[in-house]
Amino acid sequence: MTYTVRRLSEKEFFGLQESWDHLLEQSNADPLFMSWAWQASWWETWGDRLNLDLLLLGVYAPGDTLVGLAPLYLSAVSTPLGWKVRRLHVVGNAWKLGPTVRTEYVGVIVDRREQQAILQVLGGYLAEVRWDEMIIADASARSMRMIESGLSHTLALSRVVRSESEGVVIPTQGQFTDWLSRLGKNTRLKAYNRRELFEGTLNGSFEEWQTPETFLALLNRFHCERWGKPCFDDNAVRFHEALLNRLSGSQSARMSVLRADNQIVSVLYDVRAGNRVYNVQAGFMQDFHNKLSLGTLHLGYAIERSFQDSSIVSYDLLAGSGKNTFYKQHFRGEQVLFTTVEYVRSPILKMAYGARGCMSPRLVSSINRFFRL
């Protein structure tokens, strides 16, 4: 089959929801982070603010059928001596460009029935675009393999792993009680058994929340009290408001609160996409009760809710650790490794990276500053 690759405009990007979401259903790409709602909201929020150059590639089969999407952009970074490095990124992350929300499971979106052929066509197109290095941030092993299989046929690239982060996904197709039984004694106490104290003595309840604006304000308030700064800055608040307004089809917000004696003591920001629920953020009153771990208790309610819904297959705790420990490992889920990789195309940069292994730390630091690595 003959495919055509088109570079799509920003106007086309914002009008692509229906065909984007249809393709997403036919692909193995992540149903939240690679959805039109997430990607369009991210670009709308940070595209102009960070002076990014959109490189949204659509792959079309005969009959003008969309079978592939590569939501990319270009950025230019100048070294102190005036040499410009052109970096290629996936929409959703801005590695070393500025603070944005974290987009995980990044990758390309291709019809799974013709996956390899479409990836090779995309790789061939990217070989004709001028760029020095590509940054793939927070990709899972599967999405990384997809990207590399497309690039490896047409480009000679050096691969540099920049960072790795662990996440946890809890399968929810069995029985909630079976999952509870696999937890450690202390985690089971915090996630479930303390409900007797919370619901009885403290008159507590688990409630859904409907209004995004007030919910995000509550989330920021709890984070300010605990961490000394808001969870989301003004741009991130605008992003999440736009995202929540754009959710459609199999996507829906799952905002909830814990209330004790009519006081909100914890908030949990989840989003359902496809057959998975994603735990995006949480906030709670840190010193509410010395026998309660409000964050873990709230997660217990949300995880049980996912077990009760037969259409949900997993509850995703995503990447990141807690304030003091990697608490997510205690939930007896499956670990996911998120990797940020730099694919170097420029011969000069390849030389710089290769030479660093033989140099003193001071010289490496100087080279890093020069290339802004």
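This is a predicted model: local features need pLDDT of at least 70, side-chain atom pairs count only at pLDDT 80 or more; totals for chains, interfaces and linings use all residues.

Residues are numbered from 1 along each chain as its sequence is written, and side-chain values use heavy atoms, with hydrogens and water left out.

**Stop 1: the second largest pocket**

Select Asn28, Asp30, Tyr105, Arg142 and Arg276. Of the 26 residues lining the second largest pocket, these are the closest to its centre. The space in this pocket comes to about 460 Å³. A pocket here is an open set of points on a 1 Å grid over the protein atoms alone, where a 1.4 Å probe fits, with protein on both sides within 12 Å along at least five of seven lines; lining residues have an atom within 4 Å of a point. The volume is the space filled by probe spheres set on the points, which are joined across faces, edges and corners.

Now colour α5 (141-151), β11 (276-284) and β13 (334-344), each of which supplies at least two lining residues. Helices (H or I, at least four residues) and strands (E, at least two) are DSSP runs, numbered from the N terminus. Which element gives the most to this lining? That is α5, with 4 residues. By type, the lining divides into 13 nonpolar, 8 polar and 5 charged residues. Nonpolar covers Ala, Val, Leu, Ile, Met, Phe, Trp, Tyr, Cys and Pro, charged covers Asp, Glu, Lys and Arg, and the others, Gly among them, are polar.

**Stop 2**

The structure holds 0 disulfides. Cys224 is partly exposed at 36% relative accessibility, while Cys231 is buried at 19% (buried is under 20% relative accessible area, exposed over 50%, partly exposed in between, with a 1.4 Å probe and protein chains only).

**Stop 3: aromatic rings**

The whole structure has 20 aromatic pairs. Rings of Phe, Tyr and Trp (its six-membered ring) pair if their centres lie within 6.5 Å; planes under 30 degrees apart are stacked, over 60 edge-to-face, and the rest tilted.

Pick Phe176 and Tyr192: their centres are 5.9 Å apart and their planes at 65°, so they are edge-to-face. Phe176 belongs to helix α6 (residues 176-182) and Tyr192 to helix α7 (residues 185-193). Phe176 is buried at 9%, whereas Tyr192 is partly exposed at 31%.

Then show Phe33, Trp38, Trp42, Trp43, Trp46, Tyr73, Tyr105, Phe239, Tyr278 and Phe338, which form one aromatic cluster.

**Stop 4: charges over rings**

Finish with Arg6, which lies over the face of Tyr60, 4.0 Å from the ring centre. Then select Arg221, whose charged end sits over the ring of Phe222, 4.8 Å from its centre. Such a charge has NZ of Lys or CZ of Arg within 6 Å of the ring centre and within 35 degrees of the ring normal.

Notes:
A disulfide is a pair of cysteine sulfur atoms within 2.5 Å.
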